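Reader: Hi! Could you walk me through this structure in plain words?
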Amino acid sequence: MALTDGFGRPHTTLRLGLTERCNLRCVYCMPAEGIPLTPTRAMLTTDEIERLARVLVGTGVDKVRLTGGEPLVRKDAVEVTERLGRLGLRSLALTTNGLLLEDRLPALRAAGLTDLTVSLDTLRADRFQEITRRPGLDTVLGALDTALGLGYAIDGPRSLKVNVVAMKGVNEDEAADFAAWAARAPIEVRFIEVMPFDGNGWDRTELVPWTTTRAAIEAVHGPLTPLDDAPSSTARTFTRPGWRGRVGFVASMTAPFCAGCTRLRITADGALKVCLFGARELSLRDALRSGATDAEVVALVTAALAGKAAAHAGMDVLAATDNRPMITIGG
Ligand code: SAM
Ligand code: SF4
């Protein structure tokens, strides 16, 4: 029986932050100078990560997504993947900016990585530099080619998605170009509405509602056909006759998907967050280090879930709420 919250939502997905560090400085996620990092001793060790994952798998979690910061900046990211790959998960997923991916992908695949998401907000090299404050477009595109070559693709045993954060006046004019890529390659391109977080100077004028992105794509490619999405899916997905791939829209701001939320998050320093937007957290690291048994860890998670809200607040409240920077929560 999976852990459920007060609204009967079974929590079967775990997002696990492997590090707060990152080799990019995306404008919507990180200040140019970076953020003060938590000392290494406060970070979960590989053994602690494995133990927490194993305990939660025992409660019904069957999907783990590795995130960050940039998860591949963690030196033992492949080892963590190998250890989690032995837990019998239905899905072991990674969200990465792709810069360090190409060399590691064969080992990650062998370790059991089933679902790969690469974040890429532009197909233009100068814009890549503006958005991420670092060069690297060709490296990311090379990694995506390698992923396709290794069998990551939609509707296969190993999935492949590209995350695009849609920003007004920055990359909104590329929606149709990204859709053209989804037409010719077996990938899912997901457009994400930019979300407010501490330190990213979010202003609601930067938001591109998903309906606007959809209209921009349809103006060039013609009407999109909706696909059947799982109730817990964060995205609405669409395709067109003859397309090899599809597009998806994550409307976290204009049409939140809280009702189907099945996600737990553990940050790289071991804090459990039951909602991406909730400031409330509980240190599972401290619990482990003070000798908690597996059953006590489950009891802590159960109690935290009992306090999970039905839905997160509206846009303006979120923009004014203190929360961790996205980079320390894990997207
Ligand atoms: N570094 C990895 C990456 O970029 O894929 C993993 C961590 S990143 C925080 C996870 C996802 O969150 C990325 O797809 C990123 O684009 C997205 N993200 C970060 N800040 C965001 C924001 N303010 N609004 C919407 N999406 C955001
Ligand atoms: Fe780094 Fe990912 Fe945040 Fe960009 S979105 S700064 S790649 S953690």
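Reader: What should I know before we start?
Author: This is a predicted model: local features need pLDDT of at least 70, side-chain atom pairs count only at pLDDT 80 or more, and totals for chains, interfaces and linings use all residues. Residues are numbered from 1 along each chain as its sequence is written, chains are lettered from A and ligands numbered from 1 in the order in which they are written, and side-chain values use heavy atoms, leaving out hydrogens and water.

Reader: Great. In what order do the strands of the open sheet come?
Author: The order is β9-β10-β11-β8-β7-β6-β5-β4-β3-β12-β13-β14, which makes 12 strands with mixed pairing. Strands here are DSSP runs of E with at least two residues, helices are runs of H or I with at least four, and both are numbered from the N terminus. Two strands pair if DSSP finds at least two bridges between them.

Reader: And which strands stand at the edges?
Author: β9 (225-226) and β14 (282-283) do; each has a single partner strand, so one side of each is left without a neighbour in the sheet.

Reader: Now β5. Is it buried or exposed?
Author: Six of the six residues of β5 (residues 91-96) are buried, so the strand is largely enclosed by the rest of the structure. Buried means under 20% relative accessible area, exposed over 50%, and partly exposed in between, with a 1.4 Å probe and protein chains only. S91, A93 and T95 are buried on one side, and L92, L94 and T96 are buried on the other.

Reader: Which way does β4 run against β5?
Author: β4 (residues 63-67) and β5 run parallel, joined by four bridges. R65 is the residue opposite A93 in β5. To get from β4 to β5 the chain passes through helix α2 (residues 77-85), a right-handed β-α-β crossover. Right-handed means that, with the strands pointing away from the viewer, the path from the first strand over the helix to the second runs clockwise.

Reader: What about β6?
Author: β6 (residues 115-119) pairs with β5 over four bridges in the parallel sense, and D115 in β6 is the bridge partner of A93. Helix α3 (residues 101-111) carries the chain from β5 to β6, and this β-α-β crossover is right-handed.

Reader: Okay, new topic: what does β12 pair with?
Author: One partner is β3 (residues 13-17), parallel to β12 over four bridges. There, R15 has R265 as its bridge partner. Another is β13 (residues 271-273), which runs antiparallel to β12, with two bridges. R265 has K273 as its bridge partner in β13.

Reader: How many residues lie between β12 and β13?
Author: Four residues lie between them in a hairpin, and G270 in the turn has a positive phi of about 85°.

Reader: Last one: which residues come nearest to ligand 1?
Author: Of the 19 residues around ligand 1, Y28, G69, S119, N163 and M195 come nearest. A residue counts as near if one of its heavy atoms lies within 4 Å.
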